[in-house]
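Good morning, and thank you for coming.

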Amino acid sequence: MSLSIQQIDRVIEMVWEDRTTFDAIKFQFGLSEKEVITLMRTEMKPSSFKMWRKRVQGRKTKHAKLRTFVSGRFKCSRQKHITNNTISKRY
C-alpha cells in the first residue's frame, strides 16, 4: 500500500462512515477489506481499533451485497469541496 497521508486520512474517514461500503473504498483506493483492516490496525490506537471492529462486524451497510436497500446512495452536495473526493461528483 503506497497511499499518501491525505489518502490514508480519507480511507479512515470513509471506514468510520456507516453507509460507505468496502466496495466503494476498493473502487476508489484499490484496497480490499482485509487491507483496510490492516491499515486501520496500523493507523489507530489499539482501543480505537477494537471499538471500530466491534462496531463494524456484522454491519450490513458496510457490504453492498448485504444491504437491504437497493437504489440510491447518500451523497452530500458539499463532499468534494470538504474532502477533495474525486469520485463524489460523477454525473
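This is a predicted model: local features need pLDDT of at least 70, side-chain atom pairs count only at pLDDT 80 or more; totals for chains, interfaces and linings use all residues.

**Two packed helices**

Helix H3 and helix H4 pack with their axes 8 Å apart, at an angle of about 150 degrees. The axes are lines fitted to C-alpha atoms, for helices over the stretch in contact, and angles run from 0 to 180 degrees between N-to-C directions. That angle makes H3 roughly antiparallel to H4; angles under 35 degrees count as roughly parallel, over 145 as roughly antiparallel, 65 to 115 as roughly perpendicular and the rest as oblique. H3 contributes Ile37, Met40 and Arg41 to the contact, and H4 contributes Phe49, Trp52 and Arg53, where contact means heavy atoms within 4.5 Å. Four of the contact residues are nonpolar, none is polar and two are charged. In this scheme Ala, Val, Leu, Ile, Met, Phe, Trp, Tyr, Cys and Pro count as nonpolar, Asp, Glu, Lys and Arg as charged, and the others, Gly among them, as polar.

Residues are numbered from 1 along each chain as its sequence is written, and side-chain values use heavy atoms, with hydrogens and water left out.

Let me place the pair in the whole protein. The protein has five helices and zero strands; helices (H or I, at least four residues) and strands (E, at least two) are DSSP runs, numbered from the N terminus. Of its 91 residues, 32% are buried. Buried means under 20% relative accessible area, exposed over 50%, and partly exposed in between, with a 1.4 Å probe and protein chains only.

Which residues of H3 are buried? In this helix, residues 33-43, they are Val36, Ile37, Leu39 and Met40. Seen down the axis of H3, they fall within an arc of 160 degrees, so they line one face of the helix; the arc is that of the directions from the helix axis to the C-beta atoms. The face turned away from the buried side of H3 carries the exposed residues Lys34, Arg41 and Thr42. Helix H1 (5-16), helix H2 (22-29) and helix H4 (46-56) are among what covers the buried residues of H3.

Val36 counts as buried because its relative accessibility is 0%. Leaving aside neighbours within four places in sequence, Val36 is in contact with Val15, Phe22, Ile25 and Leu31. Val36 and Val11 are 25 residues apart in sequence, and their C-alpha atoms are 8.0 Å apart in space.

Now to the partner helix. In H4, the buried residues are Ser48, Phe49, Trp52 and Val56. They cover an arc of only 100 degrees around the axis, which puts them on the same side of H4. Exposed residues Pro46, Ser47, Lys50, Met51 and Lys54 sit on the face of H4 turned away from its buried side. The cover over the buried residues of H4 includes H1, H2 and H3.

What lies between the two helices? The loop between H3 and H4 holds Met44. Met44 is buried, with a relative accessible area of 14%. Not counting residues up to four places away in sequence, Met44 touches Trp16, Phe49 and Trp52. Thank you for your attention.
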